[in-house]
Amino acid sequence: MASAEDLPRSELPDMTHGHDSDTIESWFDRTMHMDQYGTRLPFGSLGAKGLTHRFVELSGADRGRELNVLDASGGYASACLGAGSPVVGSALSRAVAEAGYVTDEIHSWERSQLLELLFSGDGLWAEQFPADEYHVAGRNSGSEGMELALRLALESRFDRRRLQPAEGREDRDIVLAFEGAWHGWTGGLLPLLNKRHYRIGLPSVAPEPYGLTVRHIPFGHVDAAREFFARHGDRVLAVVIEPVQGDAGIIVPPAGYLREVARLCTDSGALLVADEVLTFAKTGQFFGMADENGPIPTDVSVVGKSLGMGVLSTSMVIARRNLTVRATGAISTSDLRPLTCAVIRAGLEHIQAEGMLEKSRDLGEHLAKRLDEELVTVFPELYTESRGSGVMHGVELTQRAADRLGEFRETMIRSGVFVEFMGGAGRRSAGLRYVFPTMRVAPPIISTLADADAIVERLSAGSRHFLEVSA
């Protein structure tokens, strides 16, 4: 793959499809596509190859100017193989021609091959999820996967025959979540978010005995977790946790924290639900729920984003076999359809054959060092801290940078790098410091050391330019 320096135009495919990039008025989605951001970025995409995207300015004095931009975000962290992967393209083509579209009501050979690759005796994920202990389901997105995970937890305390709380489970009325968490914005997940901005004015979940009572504690604070379980452990139905908090600002918990939370759940009889939608294949291994002692056991794990290899929106819910829902209560149109399974299998086989996860560990260490030395140290006016795991890194902004986030991001794009910004955890309890918005640097795992160097160099150039124009 080419280095992340500007690819010559000859190496980028012609993605204009007969449209002149200067004809800005032809970008009909500027007015027709619902704006969910308040203000969209003033750039259009003409296509991409690998990590390099062709953007065009849509307004201002440079209207019509093209930019070669390195992708340090992976499309909301979903395109782990970058753009134009021949492996994915071949799998899609074959599956469309051969695999059919049977639903999960009928057994599928494509589905069988994928699940055997993952969960059979020597499967890729068999150590973490032995086939005799777990079963799986598929969904359209990470949010839908988390909705099913929450449903599984709630159904575990419910007597479906008598339609009332199961005997001995009546007092399990708390789902424990964490300050700064992000699990999706669908209706059932809103209570898991402690950010008032996302909840106010929207319907709340019905009160007990059949609804949801959510409590929040600070993430990564082991004493807070122990204290909560000491007081309320007999009432905790489930704990919902991200191995690395994403929207809170790429918050990595201290060593031993995740295993201690798992122990508290086991000892109290609570279920542990891991939201690995963002962390899947980004921490140097497939799952973030692991440490130097091996996999950390969970009752439900949800993976997504990178699972679709950048071309499909999909997720997988992996749950203990005793966790189920009432008959027909969780049927989904998108439950591991043959085409989806074919793409996932081809991508995972490629990742494994090329040793991409192992390589991403070295890449991540290199990236972390350069982000700290060349951004945080050199630009203290803009950055306070760099942190991360594997290829998933966050560089926290100062208030000065956070107050001008839109301008800051546009400057980075014009400097040739595309990054996303997490909201930050804001104010936290237990005396933990305020966390400002954080720049997420999480390039696809096909990235090389040269790519990482080029990304940091462009971030550095963008930071310098931002300071010059905002002085």
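Buried means under 20% relative accessible area, exposed over 50%, and partly exposed in between, with a 1.4 Å probe and protein chains only. These legends describe a predicted model, in which local features need pLDDT of at least 70 and side-chain atom pairs count only at pLDDT 80 or more, while totals for chains, interfaces and linings use all residues. Residues are numbered from 1 along each chain as its sequence is written, and side-chain values use heavy atoms, with hydrogens and water left out.

**View 1. Salt bridge between Arg-160 and Glu-155.** A salt bridge is taken as a side-chain nitrogen of Lys or Arg within 4 Å of a carboxyl oxygen of Asp or Glu, and the structure holds 33 of them. In this pair the closest N and O atoms are 3.2 Å apart. Arg-160 is partly exposed, with a relative accessible area of 33%, whereas Glu-155 is buried at 4%.

**View 2. Salt bridges of Glu-457 with Arg-370 and of Glu-420 with Arg-440.** Helices (H or I, at least four residues) and strands (E, at least two) are DSSP runs, numbered from the N terminus. The side chains of Glu-457 and Arg-370 meet at 3.9 Å, N to O; Glu-457 lies in helix H13 (residues 449-470) and Arg-370 in helix H10 (residues 356-376), so the pair ties together parts that are 87 residues apart in sequence. Glu-457 is partly exposed, with a relative accessible area of 39%, while Arg-370 counts as buried at 14%. In the other pair, the closest N and O atoms of Glu-420 and Arg-440 are 2.3 Å apart; Glu-420 belongs to strand S18 (residues 420-422) and Arg-440 to strand S19 (residues 438-441), so this bridge ties together parts that are 20 residues apart in sequence. Both Glu-420 and Arg-440 are buried.

**View 3. The open sheet of seven strands, in the order S4-S14-S13-S10-S9-S7-S8.** Two strands pair if DSSP finds at least two bridges between them, and the pairing in this sheet is mixed. Strand S4 (134-139) and strand S8 (213-217) stand at the edges, each with a single partner strand, so one side of each is left without a neighbour in the sheet. Strand S7 (residues 174-178) runs parallel to S8, to which five bridges join it, and Leu-176 stands opposite Arg-215 in S8. Helix H4 (residues 109-119) packs on the sheet, touching S4 and strand S14 (315-320), and its direction makes about 55 degrees with that of S14. The axes behind such angles are lines fitted to C-alpha atoms, for helices over the stretch in contact, and the angles run from 0 to 180 degrees between N-to-C directions.

**View 4. The open sheet of four strands, in the order S1-S2-S3-S17.** Strand S3 (residues 66-71) and S17 pair in the parallel sense over two bridges, with Asp-71 opposite Phe-418 in S17. Helix H13 lies across S3 and S17, running at about 120 degrees to S3.

**View 5. Met-316 in the largest nonpolar core.** A nonpolar core is a set of buried Ala, Val, Leu, Ile, Met, Phe, Trp, Tyr and Cys residues joined through side-chain atoms within 4.5 Å. Of the 58 residues in this core, those touching the most other members include Met-316, Trp-125 and Phe-408. With contact meaning heavy atoms within 4.5 Å, and not counting residues up to four places away in sequence, Met-316 touches residues including Leu-114, Trp-125, Val-136 and Leu-336.
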